Amino acid sequence: MSSRPLEKSVRPRRQRSRVSLFAQGEPMIWLTGGGLAVALCMIIGLLLLIFCNGIATLWPAPVPQFQTSAGSVYMGEVTRAESFRSNDEKVRVLQRKLVRTGNYEISGEHFVWISDHDIKAETRPEWALVIERTAWGRFYGFPEGFTLGGDTVASTPEAAWEMFNKHHRAVSERREKIRELETHEIGRVNRRLETARLNLRTVELRDGKDSPAWQAEHAKFLETEKAVTAKFATLQEEIVRLRAENSRYVLNLKTAQGKAVAMPLSDIVRAYPANQLSFIGKAGIYFSRWHEFLLGEPREANSEGGVFPAIFGTVIMTLLMSLAVVPFGVMAALYLREYAKPGLIVSAVRISINNLAGVPSIVFGVFGLGFFCYFIGASIDELFYASSLPNPTFGKGGILWASLTLALLTLPVVIVATEEALSAVPNSMREGSYACGGSKWQTIKRIVLPRAMPGIMTGMILAMARGAGEVAPLMLVGAVKLAPELPVDSIAPFVHAERSFMHLGFHIYDLGFQSQNSEAAKPMVFTTTLLLIVLIFLLNLLAVRLRSRLRRKFVSAAF
Amino acid sequence: MKKAVLSATLIAAAVLTAQAQVQVDAGLPDYKAVQGVSGTIKGIGSDTMNNMMALWAEGFKKMYPNVQVEIEGKGSSTAPPALIEGTATFGPMSRAMKQLEIDGFVAKYGYKPTELPTSIDMLAVYVHKDNPVKAMSLTQVDAVFSKNRKLGNAEDITGWGQLGLKGEWANLPISLYGRNAASGTYGYFKENALGKGDYKDSVKEQPGSSAVVQGVATDRGAIGYSGIGYKTADVRAIPLSRDAFSYPVEPTPENAYSGEYPLARYLYLYVNYKPGSELDPLRREFIKYIFSKQGQTDVLKDGFFPVPASIARKTLESVGIKAGF
C-alpha cells in the first residue's frame, strides 16, 4: 500500500587507498571541533555576562559620601567608574564615578558624575539610609527622628531607626490592606455597576430608548446604582480610616546636603542602613528584593518593583500557543506523510511550509494585526460586544491573538519535526498492523503516533523555545508596556483572552530603550533577561520530562 | 501660530517657576474619586509620552482599581489610525496632528478629534557629557542634521572643529542620532529646527527617546535630539539660540514657560469627542485626573513640566467638562 522505500542498505565503506592527512581526517576533526568550541565559547560568554550582571544587580552596595573641592556634598551608591581625558590644555587621564544620588524630587537628578580629581573627602557615614519608595525613585539620607501622630517620639538616628523597624511592618500591612480593598472590594462593586450599565445599553440598542423593556432595565439600573453608592461609601470610609492611621507614622530625614524631609512610612517600601549591614543583613535585603522582583507588580512606569505580570503573561502565552500549534501541526503532518499521495502538490506544500519558517516574524505580526485583531476581532465585537462599542473588546491586540499569531509562526517547526518523526517509524510496523487487519486510522493511532510521540514533543519544545523568545510580532498584537491585570484571574469568566498582556521580552525592550531613568533601568535589563532565559529553560525542561515519560510509556507498552 | 499661543499663555504662568525645581500650579484641584467608573483605557501613540501615560495609569488605577489600562507607545504617528479605527481610547502625541490625519478622522466621524495639551516638553539637543561646546544656534543645528540647510547656513557642518572646538575635538567628526520617522519628535524637530528640510542619511534612527540619549552617552562625537525628560547624567543638553544674532537659551523650566527656549512644545492627548455631547465616565474621569494636582505631579516625576491651571481649565471645557476651579 504505502509506496515508501524500504530501509536504505548500508553504504559500502570506501577503501582507504593512500594515507594522507586529509584522508585520515585529522584536520577536519580540528576544524569541526574548533567550530564547536567557538560556538560554545560564545554561548557560555553570553550566559556568563547575563548571569553575572543579572545576579549582582539586586545586591545592596555601600553608600559613601563625597565632599568635592567646590564645596558640594553628594551621597549615594557608586554605579560604575571610568577613566576619561579632561578638556584641559595638558591632556591628563582622570578617573570619575557615576553616583546614584536619588532624591529626584529635590535635586531633579537621579545620577551624578563625580571626578576623582574633585573629591576632597570620602566617608562612609554610619547612618546613611537607602530608602526604596513607592514613588519618585530612591532616597538617600540620614534618619533624624520619628513622629507618631504629630508627637516626636525619637530624635536620635538609633531611636528613629528602632521606631521605624517597630512600625514599618504594620504600616506596610495596612498599605496592602488598602490595596486589597481597592482592587477587590471596590472592583467588585464597580463591576456590578458596569454590568448594569452594559445591560441597559444592550436593551437600548435592541429596543430603543422609549420601550417598556428599557424603562424596566433603567429602573433596575438606578436601583443598582443606589446600592453601589452606599457600598462604595462604606468602603471609601474604611480606606480613609486606614490612610489616616498610616499617615500618623512619619520618619524625619535629612539629606546629605542638609535639607530636612518628612517621609510618611507608608511611602517606604524598604529601607536599610547600607554601611552597617553585615553579610547576612545584605543577603536578607538581596532575597527580599528578588522576592519583590519575581512576585511584585511594576511601579514607577516599570522602572521599579516586580515583573510578575510579565512572567505570567509570557508563560500563559507560550502555553496557549503550544495548545494551538501542536494539534494543527500534527494533523497537517499526518495528512502530508500518511494520507497524501506523494507528487507535485505535496512537494509544493512542503516547500511552502519550509519557506514559511523563513518569513520574518514581524510579517506574521502584521498579518496577525490585520486578520485577527482588525478583521476577526472587530467582527466578534460587533456581534457580541456591541454594547461596549466604541471601546473595542476583541478588536485590538490581546493574548489570544498573540498566541495564535505565534502559533502560525511556529507551525512549520512542528510540521517538519512531526514529519521527521513519522517517517522514522519503520514501515514494517505499519505493514504488520495492516496484516492484522488494522485500518489506516487504527494503524496511525495505535502504532505510528505513539512511536512518533517523542519526535513530536521535540517539535513542540523547539516551537516553545522559539515562541517564548519572540518579541517583534507581539508588539503589534497585544504585548504592552503596562497591563497589571492578568489574563487569568479569579473573576468570572476567569480566562480573559481579550486582554493585552505584559511579556518579558517586550519588558526588556521597554526597559532598555524607553525608560526615562535609563541609567537605573540598565541593570534591570540584565536581571529581566536572566529571568527570561531561566523561564524558557524551565518550560523546555517541563516538555523534556514529558517526552521522557512518554518514551518510557512506549517502551513498557511494547513489551 | 501654535507657538505664539504657547508662549503667550506660558508667560502668564512663569510665576510658578521661581524655584529651581518646578512645582505644580497651586490652582489645580486635588483629584477626588467618584463611583461608577470602570472599563478599559487604551492609549496608543507617542513614545515620548509612554512613561507619563504609564504613571497616569498607575495613579488612576489607584483610584479606580478595576479600570484596566493598556499603554502602547510606538510613535505619535500610530495614534491617529488607532483613534480612527477605534482601537484606542486616547491618542498621546508629542506633536500636533497633521491636516491629513485630521481629515482622515473627519471622514469617518464627521468632526475633528479634540486636542488636549497635557504637559510641556523641551526638545533638547544632547551632546556627550565631556563635549565642551558652549551653545548652538538653530541655524547650526540645521546645518548639522539636515542636507538641505533650509535655515540658510552657508556650509555643511560635519565636524566639531566647525563649531569652534579646539584640541582633540577639532578633528572629531559629528555623529548624528535621531528618532525614527513614526515619532512625533522626529516630525517636530524637522519642522521647527530644520525648517522642514530633510534629515541627512547618516542620522542613526533610534527606536525610542531613551535610546537616543543612550546612543549619545556612549559616543564622544555624538549629537542627538530627544525630550528633556530623558536626560541622564551621561549627556548634556546644550543651550540653543534661534539664530546667530540672539542669545543662547538654557533648557531650563523657566525658559520653557517663558517661551524663550526655541524648541518648547506641548505634549498632547487626542480624544474622539463629539462636540456638544457628554463624555463617558471613564474618559471624563481620566481627563480630569490628568489635569489635577496628582496628574500634573506625575508629569513632574517623568521630567516634563506641568501645565498651569488656566490651560487646564480651558482644556477641560473643550471636552465639555465643568472645571470647577
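Tutor: Two residues are in contact if their C-beta atoms, placed from the backbone, lie within 7 Å. The model is predicted: local features need pLDDT of at least 70 and side-chain atom pairs pLDDT 80 or more, while totals for chains, interfaces and linings use all residues. Residues are numbered from 1 along each chain as its sequence is written, with chains lettered from A and ligands numbered from 1 in the order in which they are written.

Student: How many residues does the contact take from chain A?

Tutor: The contact has a side on each chain. Chain B gives 45 residues. Chain A gives 44 residues.

Student: Which class has 20 residues on the side of chain B that touches chain A?

Tutor: Ala, Val, Leu, Ile, Met, Phe, Trp, Tyr, Cys and Pro count as nonpolar, Asp, Glu, Lys and Arg as charged, and the others, Gly among them, as polar. On this side of chain B, 14 residues are nonpolar and eleven are charged. The class with 20 residues is polar.

Student: What radius of gyration does chain B have?

Tutor: The radius is taken over C-alpha atoms, and the globule rule is 2.2 Å times the number of residues to the power 0.38. For 325 residues, a compact globule would have a radius near 20 Å, and the value for chain B agrees. That value is 20 Å.

Student: How far apart do the C-alpha centres of domain 1 and domain 2 of chain B lie?

Tutor: Domain bounds come from an automatic or database domain assignment. Domain 1 of chain B covers 2–121 + 265–318, and domain 2 covers 122–264. Their C-alpha centres lie apart by 27 Å.

Student: Which element gives the largest share of the side of domain 1 of chain B that touches domain 2 of chain B?

Tutor: Helices (H or I, at least four residues) and strands (E, at least two) are DSSP runs, numbered from the N terminus. The contact takes 26 residues from domain 1 of chain B and 23 from domain 2 of chain B. On the domain 1 side, α1 (2–12) and β4 (114–128) of chain B each give two or more residues. The largest share, four residues, comes from α1(B).

Student: Why is one side of β2 and of β6 of chain A left without a neighbour in the sheet?

Tutor: Two strands pair if DSSP finds at least two bridges between them. The open sheet in chain A is antiparallel, in the order β2-β1-β6. β2 (73–75) and β6 (119–123) of chain A stand at the edges, so each has a single partner strand.
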